[in-house]
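Take a look at the sequence and the fold, and then we'll go through them.

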Amino acid sequence: MTTSRASRQHALQHWLSTHTSVASETLTALGGDASFRRYYRFQAQQQSWLVMDAPPEHEDLARFLDRAQLFAHLQVPVPRCYEFDLQQGFLLLEDFGQHSLESVLTAANADTWYARAMRQLLDWQQQTLAQPLSVPDYDEALLQRELDLFEQWFIRRHLRLDEPVPGFAEVCAKLIEAALAQPKVLVHRDYHCRNLMVVGSQLGVIDFQDAVTGPVTYDLVSLLRDCYQHWPDSAVDTWLERYYQQALGLGLVDCDRACFRQWFDWMGLQRQLKVLGIFARLYWRDDKPGYLAVLPHVLDSVCRVCACYPQWASFYEFLEYKVRPALAQARVEP
């Protein structure tokens, strides 16, 4: 343990003992995520608790608390926040347990769990459709900044490809235009199997602090084209059709099936291009190599979608004949 981490943990234990009603001698570190936050589990008062260490120079704890309150108001199961210290970046949380959706999914139960996840998503989307929310918009500038990560971190830094990405400005423009054309709802931004916790028959939702108001298909893409789960196209098509029919009935969308499918596919492209950039950045900037193993799967998904649309022909060729071989040969530094 580094000195910095040890000092943070000491400060955290001191805060627990002096500023909260909970005392703990032992903190069990949990696996990290893609942020600078660290989580610990401990037993106290005959129950389990979580404590978050969110260094203020890197993480906005006030935003986390605000989004938690918003989702709770919409009856979305999120962890209750018991005590917090904004200055130090400490937060005492309800413990949703150790079983993420990823840990329980099987081919036999996937349909049941995805039906629940989509129903939960539809419920909060219906409440927030065309409703002013105190969260930022998923606007053109943010969408573009995310797409820029693909070129900056994945293409240039990770693959070391110096040639221009063919027509990338046009790719970005089309994807952004399609995203902005969709109905706006509250968007979690990482609604996938690792951020859904199995709590009895419910799915508890975590990692919601980056929520925005944005395209109706975004969280559906996160769920059905998950970076960490590989489902047959036939299964994804079935779930997509189920969501579409329910969204039509709730008034969330008012478009034909072909339009909705393109929204879904193109939103998926935007998200997965961003993910390629973020996962490369996590390695090169933040020394987190665990996400590199996911890159081939994400690239495969991007290529499959591009192959279905003539508009992406030159971009698809670049991905297949330049990017895919470069990724296969990419060397990482120890």
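## Ground rules

This is a predicted model, with local features needing pLDDT of at least 70 and side-chain atom pairs counting only at pLDDT 80 or more, while totals for chains, interfaces and linings use all residues. Residues are numbered from 1 along each chain as its sequence is written, and side-chain values use heavy atoms, with hydrogens and water left out.

Helices (H or I, at least four residues) and strands (E, at least two) are DSSP runs numbered from the N terminus.

## Helix α2 and what comes after

Helix α2 takes in residues 61–73. (The expected span is 1.5 Å times one less than the number of residues.) At the start of α2, Asp 60 has a side-chain oxygen within 3.2 Å of the backbone nitrogen of Ala 62.

Which residues of α2 are buried? They are Leu 61, Phe 64, Leu 65, Arg 67, Ala 68, Leu 70 and Phe 71. Buried here means under 20% relative accessible area, exposed means over 50%, and partly exposed is in between (1.4 Å probe, protein chains only). As background, an α-helix has 3.6 residues a turn, so residues three or four places apart point the same way.

## Two positive phi values

Just after α2 comes Gln 75, with a positive phi of about 65°. Gln 75 sits in the loop between α2 and β4 (81–85) and is exposed, at 62% relative accessible area.

Asp 207 also isn't a glycine, and its phi is positive, near 60°. Its loop runs between β8 (202–205) and β9 (212–215). Asp 207 is buried, at 18% relative accessible area.

## The α10/α11 pair

Helix α10 (residues 295–306) packs on helix α11 (residues 313–329) at about 165°, their axes 10 Å apart. That makes the two roughly antiparallel, a label for angles over 145 degrees. Axes are lines fitted to C-alpha atoms over the stretch in contact, and angles run from 0 to 180 degrees between N-to-C directions.

From α10, the residues meeting α11 include Leu 295, Leu 299, Val 302 and Cys 306. On the α11 side, Phe 315, Leu 319, Val 323 and Leu 327 are among them. Contact means heavy atoms within 4.5 Å.

## Asp 265 in α9

Asp 265 lies in helix α9 (residues 257–284) and counts as buried, at 5% relative accessibility. Setting aside neighbours within four places in sequence, Asp 265 is in contact with Arg 225, Val 305 and Tyr 309.

Notes. A polar contact is a pair of N or O atoms within 3.5 Å; within protein, one must be able to donate a hydrogen and the other to accept it, and residues adjacent in sequence count only if both atoms are side-chain atoms. Angles under 35 degrees count as roughly parallel, over 145 as roughly antiparallel, 65 to 115 as roughly perpendicular and the rest as oblique.
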